[in-house]
Amino acid sequence: IKIAILASGSGSNAQAIMNWARTSDMAEVVCVLSDKKSALVLERAATSGVPALLVRKKKSESRLDFDQKMIVRLADYNPDWIVLAGFMKLLTPHFLNVFKNKIVNIHPSLLPLFPGTDGYGDAFRAGGLESGCTVHFVDEGMDTGKIIDQKKFELIHGESFEEFKARGLKIENEFYPMVLEKLFKGLL
Ligand code: GRF
């Protein structure tokens, strides 16, 4: 199974998936695409020997133009699945249609709670007893696609936000590759 990872930032999840794929007999990360020039994820990909693609959206371009640019670049690698890992743009129906039912994302909350760009922040401020992360299919909305699997973890009393977020991210890094493995094996 050929995976393309789309990411805009640090790429700890992308790194975890590249590490997992290297030891897996079923999956290969064929490229990592970022819309941000300074994204650490591009360096991580290069270091891991994975093609790192930068596709930026110009102000004058429409979302459709941008998605079409991504589609053209991705086509060189013929991916079966698109795995979003901290990719900070919504995808157009055109992109979703090209990779129909083959796009997944990880979100840092127990969806449908706290969608949006600050899942951990919103969960932390709400101060419940537990938080978690969700792997879901991607649709046109923001974090609204069908849920594939979730991992819960307790909030620790007295923990700072930074500690909470770092703990959550570490859990994501273990959880995401496991979910992909199960998904690709048809176990979900
Ligand atoms: C993660 O918290 C992920 O759930 C969210 O964005 C963050 C990306 O972190 N969608 P990283 O770039 O994988 O370290």
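This is a predicted model: local features need pLDDT of at least 70, side-chain atom pairs count only at pLDDT 80 or more; totals for chains, interfaces and linings use all residues.

Tutor: We'll take the ligand and its surroundings, then the core, then some backbone details.

Student: What is the mean pLDDT of the chain?

Tutor: The mean is 97. Of the residues, 100% reach 70 or more. The model also scores ipTM 0.98 and pTM 0.97.

Student: OK, the ligand. Which residues come nearest?

Tutor: There are 15 residues around the ligand. Gly9, Ser12, Asn13, Gly86 and Pro108 come nearest.

Student: Which one gives the most?

Tutor: H1, with 3 residues.

Student: How do the shell residues divide into nonpolar, polar and charged?

Tutor: The shell has 7 nonpolar residues, 7 polar and 1 charged.

Student: What does UniProt list as "binding site"?

Tutor: The entry is unreviewed. Its "binding site" annotation covers Gly11, Ser12 and Asn13. UniProt also lists Arg63, Met88, Lys89, Leu90, Leu91 and Asn105 under that name.

Student: Start with serine 12. Buried or exposed?

Tutor: Serine 12 is buried, because 20 other C-beta atoms lie within 10 Å. The cut-off for buried is 20 or more. Serine 12 lies in helix H1.

Student: And what is serine 12 in contact with, leaving aside its neighbours within four places in sequence?

Tutor: Leu169 and Asn173.

Student: Now asparagine 13. Where does it lie?

Tutor: Asparagine 13 lies in helix H1. Asparagine 13 is buried, with 24 other C-beta atoms within 10 Å. Leave aside neighbours within four places in sequence, and asparagine 13 is in contact with Ala85, Gly86, Ile106, Glu172, Asn173 and Tyr176.

Student: Where is arginine 63 placed?

Tutor: Arginine 63 is in helix H3, residues 63–75. Arginine 63 counts as partly exposed because 14 other C-beta atoms lie within 10 Å.

Student: Why is asparagine 105 buried?

Tutor: Asparagine 105 has 22 other C-beta atoms within 10 Å, so it counts as buried. Its place is in strand S5. Neighbours within four places in sequence aside, asparagine 105 is in contact with Leu84, His136 and Val138.

Student: And leucine 91, where is that found?

Tutor: In the loop between S4 and H4. Leucine 91 is buried, with 23 other C-beta atoms within 10 Å. Its contacts, leaving aside neighbours within four places in sequence, are Asp67, Leu96 and Val138.

Student: How far apart are leucine 91 and aspartate 67?

Tutor: In sequence, they are 24 residues apart. In space, they are 7.1 Å apart, C-alpha to C-alpha.

Student: Change of topic. How many residues does the largest nonpolar core have?

Tutor: That core has 41 residues. Ile5, Ile17 and Val32 have the most contacts inside it.

Student: Take valine 32. What does it touch, not counting residues up to four places away in sequence?

Tutor: Valine 32 touches Ile5, Ala7, Ala14, Val41, Leu42, Ala45, Val50, Ala52 and Leu53.

Student: Which residues does UniProt list as a domain?

Tutor: Residues 2–180, as "domain: Formyl transferase N-terminal", in an unreviewed entry. Over residues 2–180 the chain is 37% helix and 22% strand. The end C-alpha atoms are 12 Å apart.

Student: Last topic, the backbone. Which peptide bond is cis?

Tutor: The one from leucine 111 to proline 112, with omega near 10 degrees. Proline 112 lies in the loop between S5 and helix H5 (119–126).

Student: Why point that out?

Tutor: Because most peptide bonds are trans. Likewise, most residues other than glycine have a negative phi.

Student: What about asparagine 78, then? Is its phi positive or negative?

Tutor: Positive, at about 50 degrees. Asparagine 78 is in the loop between H3 and strand S4 (81–84). Asparagine 78 is exposed, with 10 other C-beta atoms within 10 Å.

Student: And what is the phi of asparagine 101?

Tutor: Near 60 degrees, a positive value. Asparagine 101 is found in the loop between helix H4 (93–98) and S5. Asparagine 101 has 11 C-beta neighbours inside 10 Å, so it counts as exposed.

Note on methods
Residues are numbered from 1 along each chain as its sequence is written. A residue is near a molecule or strand if its C-beta atom, placed from the backbone, lies within 6 Å of it. Helices (H or I, at least four residues) and strands (E, at least two) are DSSP runs, numbered from the N terminus. Ala, Val, Leu, Ile, Met, Phe, Trp, Tyr, Cys and Pro count as nonpolar, Asp, Glu, Lys and Arg as charged, and the others, Gly among them, as polar. UniProt positions are given in the numbering used here, feature names are shortened, and annotations may be inferred rather than shown by experiment. A residue is buried if 20 or more other C-beta atoms lie within 10 Å of its own, exposed if 12 or fewer, and partly exposed in between; C-beta atoms are placed from the backbone. Two residues are in contact if their C-beta atoms, placed from the backbone, lie within 7 Å. A nonpolar core is a set of buried Ala, Val, Leu, Ile, Met, Phe, Trp, Tyr and Cys residues joined through C-beta atoms within 7 Å. pLDDT is the predictor's confidence in each residue, from 0 to 100.
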